Amino acid sequence: MSEDNHFDIKRKFWCPRFANAETERDFMLELNSEALTVGRIGILVIIIAWSGFAWLDMHLAPSAKYSALFFRLLLITPIFIAILAATYTKRAVLIYQIIVVISVFIIEGSIVYVVSFYDLETISRSLGFAFPMQDADGKFIFVGVWLLVIFMATGIMRLNVVPAVVSGLIYVFFNLLSAWMYQPSALFAFIIAPFLITAIPVVWFGSLYVRQT
């Protein structure tokens with residue numbers, strides 16, 4: 001194969017990769033190596049924010065409080081500490097993209113699950129203010145906002161095309177699961193719909209840009 005052929009691109013306009021497998025591997029190693037620092041910071045932020053919301057769990061009724069705290073602090077937080085540790089292993093540069101996708105799946109699924117313990121009206125009263133909407137709508141908006149924050153954060157994680165699209169599908173899936181679990185008013189479902197419709201095109205074109213920079 002000639003030197004020029006090393007840089008031939010397959011599927012250029014929808015899922016580009018170098019035609020030469022060795023060149024593609026070198027490209028991904030360099031991409032992942034540059035992205036690892038951002039990935040580590042992102043996972044550390046997840047650990048801090050996720051653990052910090054234990055403060056909100058403390059305002060739940062006793063039975064829900066202990067279940068939420070167990071899930072948050074004794075199950076999911078150690079998992080993310082282990083994921084962060086994995087980014088410092090020798091193979092981290094090879095599996096970085098997988099680490100990010102797994103992290104996105106776990107944190108988004110965990111948010112949907114832990115909010116099922118919440119009674120937002122009770123929490124609001126314990127904090128000294130009146131809750132302005134139905135509990136189902138509040139849970140749906142609360143989940144939707146945090147899923148959107150995570151979805152936007154993945155944009156700086158330098159994901160390749162397929163992992164980026166998978167992260168978008170995860171975002172859509174957990175929003176739909178949240179809608180099914182909490183049954184929000186039609187207005188709130190309508191508000192979130194444009195984000196779900198545009199999620200896949202956004203991450204797809206964003207990941208194409210990553211490969212060009």
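The model is predicted, so to speak of it with care: local features need pLDDT of at least 70, side-chain atom pairs count only at pLDDT 80 or more, and totals for chains, interfaces and linings use all residues. Residues are numbered from 1 along each chain as its sequence is written, and side-chain values use heavy atoms, with hydrogens and water left out.

I begin with the helix pair. The axes of helix 4 (residues 92-115) and helix 6 come within 10 Å and cross at roughly 165°. Helices here are DSSP runs of H or I with at least four residues, numbered from the N terminus. Axes are lines fitted to C-alpha atoms over the stretch in contact, with angles from 0 to 180 degrees between N-to-C directions. Helix 4 and helix 6 are therefore roughly antiparallel to each other, a term for angles over 145 degrees.

I turn next to the loops. Arg-158 lies between helix 6 (135-153) and helix 7 (161-182), and its phi is near 55°, a positive value in a residue other than glycine. With a relative accessible area of 22%, Arg-158 is partly exposed; buried means under 20%, exposed over 50%, and partly exposed in between, using a 1.4 Å probe and protein chains only. Gln-183, in the loop between helix 7 and helix 8 (186-212), also is not a glycine and has a positive phi of about 50°. At 55% relative accessibility, Gln-183 counts as exposed.

Finally, Ile-79 lies in helix 3 (residues 62-86) and is partly exposed at 31% relative accessibility.

Note on methods:
Helices (H or I, at least four residues) and strands (E, at least two) are DSSP runs, numbered from the N terminus. Angles under 35 degrees count as roughly parallel, over 145 as roughly antiparallel, 65 to 115 as roughly perpendicular and the rest as oblique.
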